[in-house]
Amino acid sequence: MARAGRLASGLGTSSNTVQTLQTALQAKAKAEPTFRFYSLWDKIFRQDVLREAYRRCRANHGAPGVDGVSFAQIEERGAESWLGEIRQELIDGNYRPQPLLRVWIPKSNGGQRPLGIPTVKDRVVQMALLLVIGPIFEMDLLPQQYGFRAGLDAKLAVRRTYFTLAKQGIREVVDADLSDYFNTIPHGALMRCVSRRIADGKVLHTLRQWLQAPVVERGKGGERRSTAAKDHCRGTPQGGVVSPLLANLYFRRFLLAWYGKGHAARLGAHVVNYADDFVILCPLGRGQTAMQTMQRLMTQLGLTVNLEKTRLVHLPEESFDFLGYTIGRFFGKGGRPYWGTCPSKRSVHRLRQEIHDITSVRWSTLDVESRVERLNQVIGGWANYFDQGPVGKIYQALQRYAERRLRIWLMRKKGRKGTGYRQYPDQFLYEHLGLIRLRTRREGLSNAKA
């Protein structure tokens, strides 16, 4: 742990020098939009870049990959020497990515999303490469792209959507969905997107190796190994550090076609994109043509539009969900209509389910303090994102639900029946246990209506 401490003590300086490098690369990319960078590999194995890459990966608290090596094990051994070995591999050209570990996470629609988890070693190298090439491509991404970019986030994408809807006479919305976007991006076309800016052969070769890495899935039946990405020449695995940038680069091709070939001007239709989620905002009567044009362009890019989930929304009679928010027409005092946003029913339901699970007797290993801490993390994180629009009543309902669930669990813990309102009043829940209290008044909350 002492060695890990010495590594941490040098991170401030590393961070500053890495930022200087990034600023220089970004300035060059901005000044010369067609410039190709030929010498980047030597910057990826710079000691300060690798240190900063390790720091950022460590801050994400990721699980071990297929080799089972964790950050704790690395630091017990000595993070400095571990980084030194990686650096030497990169210098000598001996670095080879390891297989990805397949894990499944639940989706909001009840399905499961596959993640390909790299080893800690591969994550650090990917992060080092991202620190170098990310600033270059940041200059090429378009203002309609809000995902995985510094200074931008999903809430800004929601705001852009609603402001465009309210101010520009939007009456039709293409609520689009792509089938398995990350896993269907064609490798050849994607690498052409990268090589438009990057001419360093070692960087391009390493990116190809990551894209083609096999996947290992472990279960009761043993270990299964798949080489589908290499066999089909498609996909950038969700879970990889560099995958969000690559996904943005490929979606940029659709936006370049949409705006560069005149479809946006012809239809008066604007796109707002976050990762693989996007909407097309159209004037009255243009939505059907916009949807057909989008489908044709996506087919040309080798992508598949999910026709079951893609729909044309007619405003103001209908509303649509985007990035967890419902966007459409609402009614204020006296029945006055306005354009606005609020947390979607699905988003509220998912939080209620999490609250239910945390306060379930099935989590028998958690004590009271740990449960309340987990509740506060989940509810607070949810509220930090869903704080736009008329959220007061939703906050109140969620607050009451959390109180009720926590009281019932406390009663069951003591083997007693009942709701626990007399035994555990509000003062006990909030002042003694420290349960989070959401602001239910408009003061201090973001206003998202027009």
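**Note on the predicted model: salt bridges, sheet and cysteines**

1. Arginine 56 has a relative accessible area of 32% and is therefore classed as partly exposed; the model under review is a predicted one. The salt-bridge partner of arginine 56 is glutamate 52, with 2.9 Å between the closest N and O atoms. Glutamate 52, by contrast, is buried, its relative accessible area being 0%. Both residues belong to helix H4 (residues 47-59), where a spacing of 4 residues separates them by about one helical turn.

2. A second pair consists of aspartate 387 and lysine 155, whose closest N and O atoms are 3.0 Å apart in a salt bridge. Aspartate 387 is located in the loop between helix H17 (368-385) and helix H18 (392-413), whereas lysine 155 is in helix H8; the pair therefore ties together parts that lie 232 residues apart in sequence. Aspartate 387 and lysine 155 are both buried.

3. Arginine 311 and aspartate 175 form a further salt bridge, with the closest N and O atoms 3.7 Å apart. This pair links distant parts of the chain, since arginine 311 is in strand E8 and aspartate 175 in strand E3, 136 residues apart. Arginine 311 is partly exposed at 33% relative accessible area, while aspartate 175 is buried at 13%. Shared partners also join the salt bridges of Glu52, Arg55 and Arg56 into one network. The whole structure contains 18 salt bridges.

4. The sheet deserves a separate point. Its 4 strands form an open sheet in the order E6-E7-E3-E8, and the pairing is antiparallel. Strands E6 (270-274) and E8 (311-314) are at the edges; each has a single partner strand, so one side of each lacks a neighbour in the sheet. From one strand to the next, the twist averages 20 degrees.

5. Strand E3 (residues 172-177) and E8 run antiparallel and are joined by 4 bridges. Aspartate 175 has arginine 311 in E8 as its bridge partner, and these two residues also form the salt bridge described above.

6. Two helices pack on the sheet. Helix H8 (residues 154-167) touches E6 and strand E7 (277-282), and its direction makes about 165 degrees with that of E6. Helix H15 (residues 287-300) touches E3, E7 and E8, at about 25 degrees to the direction of E3.

7. Regarding the cysteines, the structure holds 0 disulfides. For cysteine 233, the nearest cysteine sulfur belongs to cysteine 193 and is 16 Å away. Cysteine 233 is partly exposed at 42% relative accessibility, whereas cysteine 342 is buried at 12%.

Technical notes. Residues are numbered from 1 along each chain as its sequence is written. This is a predicted model: local features need pLDDT of at least 70, side-chain atom pairs count only at pLDDT 80 or more; totals for chains, interfaces and linings use all residues. Side-chain values use heavy atoms; hydrogens and water are left out. A disulfide is a pair of cysteine sulfur atoms within 2.5 Å. Buried means under 20% relative accessible area, exposed over 50%, partly exposed in between (1.4 Å probe, protein chains only). Two strands pair if DSSP finds at least two bridges between them. Axes are lines fitted to C-alpha atoms, for helices over the stretch in contact, and angles run from 0 to 180 degrees between N-to-C directions. Contact means heavy atoms within 4.5 Å. A salt bridge is a side-chain nitrogen of Lys or Arg within 4 Å of a carboxyl oxygen of Asp or Glu.
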